Amino acid sequence: MKKFLIFSLLISTISLANESIGVGKDEKYGYEIKLKVEKESNGNIKNIEVLEDNTKKSISKKAIPKLIEQAKKKNSADIDIISGATYTSEVFIKALNNALKN
């Protein structure tokens, strides 16, 4: 039982080390997106979760899944801006860059 508990603690510690938070802000409109990025042991992006988003919901609900897909595919924040969602895309990219730096 003790070995299992120690192993469980070790696994959760490793998992936490591969997660980082990033915030992106736009000063003009006050938009902000907060992301949690989970990386695999080799450093590749495993998952991106939006924790907070105060951009226009009608735009972000369509754009953010596409941005996440691009980021995971390219394993980078060097992704294309979504047409019609420029500010949302820019704030997302800033948040992703900040998360990947951590």
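Strands β1 and β2 pair in the antiparallel sense over seven bridges, where strands are DSSP E runs of at least two residues and helices are H or I runs of at least four, numbered from the N terminus, and pairing requires at least two DSSP bridges. This is a predicted model, in which local features need pLDDT of at least 70 and side-chain atom pairs count only at pLDDT 80 or more, while totals for chains, interfaces and linings use all residues. Residues are numbered from 1 along each chain as its sequence is written, and side-chain values use heavy atoms, with hydrogens and water left out.

**Sheet and helices**
- The protein has three helices and three strands, which follow the pattern α-β-β-β-α-α along the sequence.
- The three strands form an open antiparallel sheet in the order β1-β2-β3, with β1 (19-25) and β3 as the edge strands.
- Helix α2 packs on the sheet, touching β2 and β3 (contact means heavy atoms within 4.5 Å), and its direction makes about 160° with that of β3, the axes being lines fitted to C-alpha atoms, for helices over the stretch in contact, with angles from 0 to 180 degrees between N-to-C directions.
- Helix α3 also packs on the sheet, touching β1, β2 and β3, at about 145° to the direction of β1.

- Of the 102 residues, 31% count as buried, that is, under 20% relative accessible area with a 1.4 Å probe, protein chains only.

How values were computed:
Buried means under 20% relative accessible area, exposed over 50%, partly exposed in between (1.4 Å probe, protein chains only).
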